[in-house]
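Subject: Handover of a structure and notes on it

Dear colleague,

Please find below the structure that I am passing on to you.

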Protein chains: 2
Amino acid sequence: MGYTVAIVGATGAVGAQMIKMLEESSLPVDKVRYLSSTRSAGKVLSFKGQEVTVELTTEESFSGVDIALFSAGGSTSAKFAPYAVKAGAVVVDNTSFYRQNPNVPLIVPEVNEHALEKHKGIIACPNCSTIQMMVALEPIRQKWGLERVIVSTYQAVSGAGANAIHETLGQLHEAVVDGVNPKDLRAEILPSGGDKKHYPIAFNALAQIDVFTDNDYTYEEMKMTKETKKIMEDDNIKVSATCVRIPVLSGHSESVYIETKAVAPIAEVKEAIANFPGAVLEDDPSQQIYPQAVNAVGHRETFVGRIRKDLDAEKGIHMWVVADNLLKGAAWNSVQIAEKLHERHLVRPTEELVFELK
Amino acid sequence: MGYTVAIVGATGAVGAQMIKMLEESSLPVDKVRYLSSTRSAGKVLSFKGQEVTVELTTEESFSGVDIALFSAGGSTSAKFAPYAVKAGAVVVDNTSFYRQNPNVPLIVPEVNEHALEKHKGIIACPNCSTIQMMVALEPIRQKWGLERVIVSTYQAVSGAGANAIHETLGQLHEAVVDGVNPKDLRAEILPSGGDKKHYPIAFNALAQIDVFTDNDYTYEEMKMTKETKKIMEDDNIKVSATCVRIPVLSGHSESVYIETKAVAPIAEVKEAIANFPGAVLEDDPSQQIYPQAVNAVGHRETFVGRIRKDLDAEKGIHMWVVADNLLKGAAWNSVQIAEKLHERHLVRPTEELVFELK
């Protein structure tokens, strides 16, 4: 007997990859249910060659569902995830809504799979930019400790959804083919669909992802700070981020500077990363080998290279971390969490409902 | 009586902007001479509406020249700049060849104009990525001191010349219009024309600019380290860089983290930058105001925003620094140096030749 798995947001950029990851997964799946908003309900998608009609998400959608993967925005998760839990499903939520909730484990399986044990019906998948950084840093943290992180990101537009991909391609077409000055390109989505102003991404770099918080960091930047502390279970790790969108369709890159607690020899750091599950070392300057976004697309692993000592700080290390933001950054990490729940016999109805029905 | 000004490399991406900057300059120019390699000699360009035929650069090209602006690669400067000096010209060299030479002032006029006084015939224009960072950091260094810099760059392809622009546009056309997978795009120039392997830049971020040095940093990264120390006349400033090319045609962006010697209140930092010549403060998160590459193109100023305290380090500050790499990063900084030489009456033949004729 396999599971009934629901995908909420099946028609989105991440939803499409969730379907693919689920098709390729070791998870025993008997049935899938594709759920969406009114706009996409009625569309027909497939699962392992079978047609599946997309249904409207309602409070009653989750009867008989064992695992519900949510990736349809924070408000959809806020509204429906508790109903899924109440119906007996385990929720893996890919939005930011529950990530800082103390009742919700925030999981990167390679790093803190053990935290799944205390789940109360909802497990959160971290932000894309956090996940890949965690895979690169955990092998270092384990051996030498982690004092501090300063990260600058080079994030792909697919992290902002299918509409952002469409907008980027349209702008590039206008700029490259029609010769429109990049400054004059129209924008309606990026840098953040929910914010007041929109700017072109073609031939640009936008130092804003998500909206600004009160401290002049963006929510995306604060996600990297807060999620790192929660996943690594250490509030003392210092993390400051600058999150930047660049005209890349998929594949997030990150320039990561860290300070370890103990001095970490570079050769041993490389070995630790090469041996860490989910991480791939791509680091040979003599052969111009380093991670690249275009090569990471389609892969589940996190690629790490350009590992080198800071020129001045004895415990300082720089590195370049690249992963497919739709896979390890979202769909694969979510399905991987589902696989781990299965392996640990944690796919089961929750006895006590701790999440508020709205 | 005005000057005779030679532009060596007049047909390149920077050369074209040098002509424009010179046309708009306050420098009294009587005559221009456009010099190039064999490949471009004979082409006809213009200066203030007059036709000027491009001549082949030879050891004898500089007779009668008062100011020679070089931007045709390090080997051309190495070979011909001493002949220009011997002929009585003052050279402003935009290549890296003479930058670390103790006889050569390395100048960002807003920062160390005074160092022009000791020139011996050749003045070097710093690397594009260094120049804009200097304009942003000097007002802070002056008031609170500068202990440390960690910078990650988002550099435009025009920094690698006209061929790199052409290659980028071609790749984007193939990817956007013909649907070629970015991974399969052909590349012959980037990341570095002089290196063995070439990678696509369309939909990619390449963590290599220039070739690698022995310490696993690239030359571009080491330029930022060494040039900062020389320009700021302080070998103790700690600088580590990660230099990255992104699919932007013009306009370099930089995520800069600094630690000051004294605690610098953010409001005062913003004021210092706003009041510094050549710097423009663009920083209002509530209105989504921050520097953008597409807006910086065509301007001589360096734009600074996203200025905020590090979340943990009391003396740590993050900022986002953007400038037109062909203007402030190259052509404008070179012509601006020429203007300052004129104002200081330093356009004069050098008595003793300290540079080797090759």
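Predicted model: local features only at pLDDT ≥ 70, side-chain atom pairs only at ≥ 80, totals over all residues.

Is A:R39 buried or exposed? A:R39 is exposed, at a relative accessible area of 75%, where buried stands for under 20% relative accessible area, exposed for over 50% and partly exposed for values in between (1.4 Å probe, protein chains only).

Residues are numbered from 1 along each chain as its sequence is written, chains are lettered from A and ligands numbered from 1 in the order in which they are written, and side-chain values use heavy atoms, with hydrogens and water left out.

Relation of the two chains

Annotated positions in chain A

An unreviewed UniProt entry lists A:T11, A:G12, A:A13, A:V14, A:R39, A:S40, A:S158, A:G159 and A:N325 under "binding site". UniProt positions are given in the numbering used here, feature names are shortened, and annotations may be inferred rather than shown by experiment. These residues span 315 residues in sequence and their farthest two C-alpha atoms are 25.1 Å apart, so they do not all gather at one spot.

Two of the listed residues can be described further. A:R39 is in the loop between β2 (29–36) and β3 (44–47) of chain A; helices (H or I, at least four residues) and strands (E, at least two) are DSSP runs, numbered from the N terminus. A:G159 is in the loop between β9 (146–154) and α5 (162–176) of chain A and is partly exposed, with a relative accessible area of 45%. Apart from neighbours within four places in sequence, A:G159 has contacts with A:R245 and A:N325.

The unreviewed UniProt entry also gives residues 4–119 of chain A as "domain: Semialdehyde dehydrogenase NAD-binding". This span is 24% helix and 27% strand, and its end C-alpha atoms lie 19 Å apart.

Helices of chain B

The axes of α4 (residues 128–144) and α6 (residues 219–231) of chain B come within 9 Å and cross at roughly 40°. Axes are lines fitted to C-alpha atoms, for helices over the stretch in contact, and angles run from 0 to 180 degrees between N-to-C directions. The angle makes α4(B) oblique to α6(B), a term for what remains once angles under 35 degrees are called roughly parallel, over 145 roughly antiparallel and 65 to 115 roughly perpendicular. Residues that make the contact include B:M133 and B:M134 of α4(B) and B:M224 and B:I231 of α6(B).

Two buried helix residues also deserve a note. B:T168, in helix α5 (residues 162–176) of chain B, is buried at 0% relative accessibility. Leaving out neighbours within four places in sequence, B:T168 is in contact with B:V157, B:L190, B:I201 and B:L249. B:A78, in helix α2 (residues 74–86) of chain B, is buried with a relative accessible area of 6%. Not counting residues up to four places away in sequence, B:A78 touches B:F97, B:Y98 and B:K358.

Backbone points to check

Most residues other than glycine have a negative phi, and most peptide bonds are trans. The bond joining A:L190 and A:P191 is cis, with omega about 5°, and A:P191 lies in the loop between α5 and α6 (219–231) of chain A. In chain B, the peptide bond from B:L190 to B:P191 is likewise cis, with omega near 5°.

Positive phi values near 55° are found at B:F203 and at B:Q288. B:F203 is in the loop between α5 and α6 of chain B and is buried at 4% relative accessibility. B:Q288 is in the loop between β12 (279–281) and α8 (293–296) of chain B and is buried at 1% relative accessibility.

Yours sincerely

Conventions:
Contact = heavy atoms within 4.5 Å.
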